[in-house]
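Dear colleague,

Here is the structure I promised to hand over, with its sequence alongside. Please keep it open while you read the notes that follow.

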Amino acid sequence: MNILIADDSGTARMFIKQCLEISLEEDVAFLEASNGQEALQLLKNAGADLVVTDLNMPVLDGRELIRRIGASPKLHGLPIMVITSSGNEARKQELLELGAWVVLRKPVNPMVIAEGLETITAKKGD
Amino acid sequence: MDLASINVQEGMSEAIGEVLENMAFMEALPGGEENALDPDEPVFYTRLPIYKPTPSTVGLVVPQGLALSLAGALMMKECTMDEDEFEVLDVLSELTNTLAGSLLTHLLPELDSFELGLPECRVIGNWDTKREWSDCQEFLYQVDEQGFYCLWRSH
């Protein structure tokens, strides 16, 4: 499984990676991007099975990344997990309508991420 | 809702507790006189703008020793200023970002939206509130008896 993590904070990327490693029982390869533009480039060049993204990022933010993934014939349908400090109920609804599959509020922990992954698995089965 | 008219103390305590427990596995407790910052110790100073619903700012003032401990806990290694200053700055920025989101989630009704800016972090020789923020509220907390401030200002 290939997972792309987009967050402008290296600390956040490392922390999310650790939580995912604990939550997933299979081998995972991680790709890392510090903004949405880098993420799109990596998705075009290398692909991924799951995108985990922050919202507030310089250059190209998480909202625009979700929009562009949804608008791309090649990337449309790719599962997207948003992990953001702005993840209250209002923002969650907005992002789900935009194309996110799951929205989690920072701070996350392995248990919360595992629940998010279960939601994605369930949505894939629908 | 106007953030300037809210008493943030309780929300700040809940938010900093949640953030440090989840990210660094550390417990933040209210600080007292005995946890006052050493004026001779350099501090990591962060701030993050809040754009909506009311222009406000959240920040942290963390003495160097505690900043290294926090970064070490998050990165699961021993951090030093010589080798890890950039990483420590990033850790403190991310803690501030997460603190701001957590604080607003505690303060605002569930369906009210908010907009955060990007955090900035730097090291300064010593902390002087009047020089940096003339009208902010300081909340003193401690981790393992090492004091640090959470800062708040709403315009």
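In this predicted model, Pro30(B) stands opposite Tyr141(B), a residue of strand 6 of chain B. That pair belongs to a place where strand 1 of chain B, residues 29-30, and strand 6 of chain B, residues 137-143, run antiparallel to each other and are joined over two bridges. Strand 6 of chain B also pairs with strand 7 of chain B, residues 146-154, again in the antiparallel sense, and here the pairing extends over seven bridges. Strands 6 and 7 of chain B form a hairpin with two residues between them, and in the turn you will find Asp144(B), whose phi is positive, at about 50 degrees.

Turning to chain B as a whole, its secondary structure comes to four helices and seven strands, and read from the N terminus these elements follow the order α-β-β-β-α-α-β-β-α-β-β. The radius of gyration of chain B is 15 Å, close to the 15 Å that the globule rule gives for 155 residues, so chain B is as compact as a globular protein of that length. Along its principal axes the C-alpha trace of chain B spans about 45 × 30 × 25 Å, and 41% of the 155 residues in chain B are buried. If you take the contacts in chain B between residues at least 6 apart in sequence, 67% of them join residues at least 24 apart.

Chain A has five helices and five strands, and from the N terminus on they are arranged as β-α-β-α-β-α-β-α-β-α. For its 126 residues the globule rule gives 14 Å, and the radius of gyration of chain A, 13 Å, is close to that value, so chain A is as compact as a globular protein of that length. Of the 126 residues in chain A, 45% are buried.

Where do the two chains touch? There, 22 residues of chain B are in contact with 19 residues of chain A. On the side of chain B that touches chain A, the elements giving two or more residues are helix 1 (9-24), helix 2 (64-75) and helix 3 (81-107) of chain B, and helix 3 of chain B gives the most, with nine residues. By class, this side of chain B has 10 nonpolar, seven polar and five charged residues.

With best wishes

Technical notes. Residues numbered from 1 in each chain as written. Chains lettered and ligands numbered in written order. Predicted model: local features only at pLDDT ≥ 70, side-chain atom pairs only at ≥ 80, totals over all residues. Rg over C-alpha atoms; globule rule 2.2 N^0.38 Å. Buried ≥ 20, exposed ≤ 12 C-beta atoms within 10 Å, placed from the backbone. Contact = placed C-beta atoms within 7 Å. Nonpolar A, V, L, I, M, F, W, Y, C, P; charged D, E, K, R; others polar. Pairing = 2+ DSSP bridges.
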